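Open the structure in your viewer and keep the selection tool at hand. The stops below say what to select and what is there.

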Amino acid sequence: MNDYLPLVGMIALVIVFVLASFVASILLGPRNPNSAKQAAYECGIVPESEPAERFPVKFFLVAMSFIVLDVEIVFLYPFAMVMRGLGVFGLVAITIFVLVLLIPFAYLLSVGALAWGPVAQVIREIVPVRRTSVAVLDPALTEGTTGQAA
Amino acid sequence: MLALFTQPIDAARMIAVPKIDWLAIGPPVVLFTAALAIVLLASLLRGRSLQHDLDDWVVLCAFAGPIEFWLGRFSAIRYNHDVFSIIVMLAGIGSVAFAMGVSIVRKHTFAASLVIALAGVISAVAITVAQWNVVRTSGSFTSMAGAVAVDGMAVFVMGVVLVATVFGLLLGTSWIRREQLEGPEFLALLLLCATGMLVMASANDLIVVFVALEVFSIALYVMTAFDRHRIESQEAGLKYFLLGAFSSAIFLYGVALTYGATGSTNLVTIRESLTGLVGGDNGLLMVGFALMLVGLGFKVAAAPFHMWTPDVYQGAPTPVTAFMAGATKVAAFGALLRIFVGSFDLLQTDWRPAVYGLAIVSMIVGSVAAIVQTDVKRMLAYSSIAHAGYVLIGVQVATESNGGLGGTSAALFYLGIYMLMAVGAFAVIQVVGRARETDSSLDDYKGLARKEPVLAGLLTLFLLAQAGVPLTAGFVAKLTVFKAAVDAGQFQIALIGMLSATVAAFVYLRIVLSMYSGDEHGSATPVEGNRLTVDLPVRITISLTAALVLLFGVVPGWLLDVAEHATSILAG
């Protein structure tokens, strides 16, 4: 239990520091409020309206594929540290690991999950529209309307 | 480059590499490789931009050979003509053959994927058979640092899952063609799902159990929502995903508490540490395995954790429903048996009453609630809950060690037979459902016997088998489970089981009655005249399952024998 004592001390210190900061700013700070200071963000342009709540589903696709590659990096760093100690076994293992993640990435590219913006426009022109998963995600591809993805 | 890895460094910095036991982890590895190969094939051949790049490369390769050859012939540079020209010629021919192969495969991407998938499953079956032989001759063993157990039960569960996968692939093929959906993805998902189930069958560590649970669950969520054209499929996928994620979390919490109480996640180590805990009042451990029971009870669709089952079974594409009913139940029951019978058997006085209760509630809820349904898929979903109850009877007497067929082998036998009955019944339902799976209400089955006598007859066979009519495999399965309970002196639960089987028989006979009475030109038959299309994969599935249901009904000895030898859990 003694091992955790510094941790408990740290938690207590954090709480004390936060409380002390608040109390100090209430006691010491000068008080002359105006509308700009009351705003949620004190700097920057005042928002005209509420931001749109609907996000294109593509953001999630990008985020999900990012997580996959991010996890790959998490494993590659420790491998790099012990690469020579592991020898050929490690090389083969990490190659299999990277391949397992690369093949889905190739699949993502091939269904056009990462092709949006100007690239999607180009692809739409050169590739005839078919019913694929991309066509479902992007109604512009099936309905033939333009300028939606960009 | 390679020298970087191979050049010797001082021995102190070398890390001991683990030995991979390929026999133990062979089946899931093979299936996973097949799934990856299908994804690779799909992305290279069916893709958008990559497809054009590949075209260019193939054309380049095809022409490079001959061009190089003639250049070599007439250029001033003289090199060893004979060898070089032969190599270049071969390269040219190879490129042309490759180009032709690619163009053929591209036209038949789905067929090629199916071939890869079936090859993967068959290789996995071969490895499983090899494992069975090893287990029979030299006993069960653990490997991969004790995380994987290869024992009779693991191999039996793997076998059932693999057979269900073959049927799933066949039914899926027919369904994909009918609904005109993307093919290779479905096959890859099915294989990934089966991979998770195989890992689960031989998982000897709670963490491995959880990872396997997630692998096959996530694939199942996606497959459930795979039918884009039907909103019910998407709805079912979302429901299954949300509830499944909750149940996984509950299971994981149980694992965490069990780890807290016993100090290990390895099932063998847990069992050893339990010897010191028996008799004590260990609340942490009780809550831990109660939560694990809830999590696994959800996956096997045992009441009262069955709420998702009717909606998901009804909404999911029928091949997925068939696979879910057949394979998921087996895999989850495999984990249930391994954890509770194999590892927690010393605490049986604590968990047996809970499983006893689950069995009774499942049988009653499944049978009674099915009566009021009007949708055939939904009826069979409720009946699958009841079947989970019958298997649970076997599970809760599995720790009794008296003569005759034990509870474990009764449960395993029941699971194997239920897989056949469920897959067969859902295969017929898939055909009767027609495109977009519109026809699954009881009214749609009216007059089916007059229109499609063979199909109706086979569905009758599967339903009678599920009801437990003699001369079908379902009867033998129910008999073994009830006999195991009676042998253990539990007459009450056997009686409740028989009563609920009688109630359930009414449900099955209601479907049969609807098929054989009814009028084809009745008001509720929107599809008059046009016959149902039964293509080859479905034909194979239905005839195989029907033959096996009859075969094991008349001569069940062989499978009973296998199930009896599959009771070894845990290599100590």
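Over which residues of chain A does pLDDT stay under 50? Select residues 131-150 of chain A: there pLDDT stays under 50, and the model has 29 contacts beyond four places in sequence for this stretch. This is a predicted model.

Stay in chain A and colour by pLDDT. Helix H6 (residues 139-143) of chain A has the lowest mean pLDDT among the elements of the chain, at 45. Now select helix H1 (residues 5-28) of chain A, which has the highest, at 93. Chain A as a whole averages a pLDDT of 76, and 75% of the residues score at least 70.

Next, select chain B. It contains 22 helices and two strands. The chain has 572 residues, of which 53% count as buried. Take its contacts between residues at least 6 apart in sequence: 80% of them join residues at least 24 apart.

Within chain B, select helix H6 (residues 152-179) of chain B together with helix H7 (residues 183-201) of chain B. Their axes come within 10 Å and cross at roughly 170 degrees. An angle over 145 degrees counts as roughly antiparallel, so H6(B) is roughly antiparallel to H7(B).

Finally, show the side chains where these helices touch. On H6(B), the contact residues include B:Ala154, B:Val157, B:Met158, B:Gly168 and B:Ile176. Facing them on H7(B), among others, are B:Gly183, B:Phe186, B:Leu190, B:Met197 and B:Ala201. By class, the contact of H6(B) with H7(B) has 13 nonpolar, four polar and no charged residues.

Key
Residues are numbered from 1 along each chain as its sequence is written. Chains are lettered from A and ligands numbered from 1 in the order in which they are written. Axes are lines fitted to C-alpha atoms, for helices over the stretch in contact, and angles run from 0 to 180 degrees between N-to-C directions. Helices (H or I, at least four residues) and strands (E, at least two) are DSSP runs, numbered from the N terminus. Angles under 35 degrees count as roughly parallel, over 145 as roughly antiparallel, 65 to 115 as roughly perpendicular and the rest as oblique. Two residues are in contact if their C-beta atoms, placed from the backbone, lie within 7 Å. Ala, Val, Leu, Ile, Met, Phe, Trp, Tyr, Cys and Pro count as nonpolar, Asp, Glu, Lys and Arg as charged, and the others, Gly among them, as polar. A residue is buried if 20 or more other C-beta atoms lie within 10 Å of its own, exposed if 12 or fewer, and partly exposed in between; C-beta atoms are placed from the backbone. pLDDT is the predictor's confidence in each residue, from 0 to 100.
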